Amino acid sequence: MAEKGQPLPTQPSLVGKNIFLRPTTAEDIINIHVWFMQSEPQAQSERPIKFRTPAEAAEAFKNQEKSTDRQAFTIVRKEDKIPVGQITFFNYNPLNRSAELGILIDPDERKNGHAADAMRVLIKYLFKYRDLNKVHASTAKFNKAAVALLESVGFKKDGALRNHHFYNGEYYDKLVYSMLRFELDW
């Protein structure tokens, strides 16, 4: 752990109010996999889930091709350097200058503001340093916490993909949100 007054182990552009972002490592994946499994996996994605052990998930991460079109960051609490989540940008489109965001917070750390802080940090980074015009995200209509998070950081609802997410024997709409660079007001 760094001594007080020492710089955080990340780029200055990746530091928020109470968290910082650093590139995710294979060692982080074990915790992230456990958080994902505790978060009712099929509620997190409209695609079929490939169930793996934490070790298999870490190995798959190691074997993933590294790319500037996708990057995962571990969300780390500043005060004690404890990882509390992961935020990722993916589906980067250099023609449209856009990317999609995904986030997962440790179930024990939810409602502490880490998700909003991490979203603000990554969005500012993508607009300022990656010169994006648009970031977007989606969630199932039943995921009230994700809807509230997206709206709280300034995302606008673009629309819905009707009956797109099958969960617990029912179909739900998938809500699509975006933020444009000129809309950033914080």
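This is a predicted model: local features need pLDDT of at least 70, side-chain atom pairs count only at pLDDT 80 or more; totals for chains, interfaces and linings use all residues.
**Exercise 1: a ring pair**

Task: Classify the pair formed by the rings of Phe166 and Tyr171 as stacked, edge-to-face or tilted, and work out whether each residue is buried, partly exposed or exposed.

Solution: 
- Start with what you need: a pair of aromatic rings is described by the distance of the centres and the angle of the planes.
- The centres of Phe166 and Tyr171 are 4.8 Å apart, and rings pair if their centres lie within 6.5 Å.
- Their planes sit at 55°, so call this pair tilted; stacked would need under 30 degrees and edge-to-face over 60.
- Now the surface. Phe166 has a relative accessible area of 42%, so it's partly exposed.
- Tyr171 comes out at 53%, so it's exposed, the cut-off being over 50%.
- For context, the structure holds five aromatic pairs, and ring pairs also join Phe142, Tyr167 and Tyr172 into a cluster.

**Exercise 2: charges over rings**

Task: Find which ring face Lys66 lies over, then do likewise for Arg130.

Solution: 
- Lys66 lies over the face of Phe61, 4.5 Å from the ring centre.
- Arg130 lies over the face of Tyr92, at 5.0 Å from the ring centre.

**Exercise 3: two packed helices**

Task: Describe how helix 1 (residues 26-38) and helix 3 (residues 54-63) pack.

Solution: 
- Take the axes: they're 8 Å apart, at an angle of about 135°.
- Helix 1 and helix 3 are therefore oblique to each other, and their crossing is right-handed.
- Helix 1 makes the contact through Ala26, Ile29, Ile30 and His33. Helix 3 brings Pro54, Ala57, Ala58, Phe61 and Lys62.
- Notice Phe61 again: its face is the one under Lys66.

Definitions and conventions
Residues are numbered from 1 along each chain as its sequence is written. Side-chain values use heavy atoms; hydrogens and water are left out. Rings of Phe, Tyr and Trp (its six-membered ring) pair if their centres lie within 6.5 Å; planes under 30 degrees apart count as stacked, over 60 as edge-to-face and the rest as tilted. Buried means under 20% relative accessible area, exposed over 50%, partly exposed in between (1.4 Å probe, protein chains only). A charge sits over a ring if NZ of Lys or CZ of Arg is within 6 Å of the ring centre and within 35 degrees of the ring normal. Axes are lines fitted to C-alpha atoms, for helices over the stretch in contact, and angles run from 0 to 180 degrees between N-to-C directions. Helices (H or I, at least four residues) and strands (E, at least two) are DSSP runs, numbered from the N terminus. Angles under 35 degrees count as roughly parallel, over 145 as roughly antiparallel, 65 to 115 as roughly perpendicular and the rest as oblique. A crossing is left-handed if the near helix is turned anticlockwise from the far one by less than a right angle, and right-handed if clockwise. Contact means heavy atoms within 4.5 Å.
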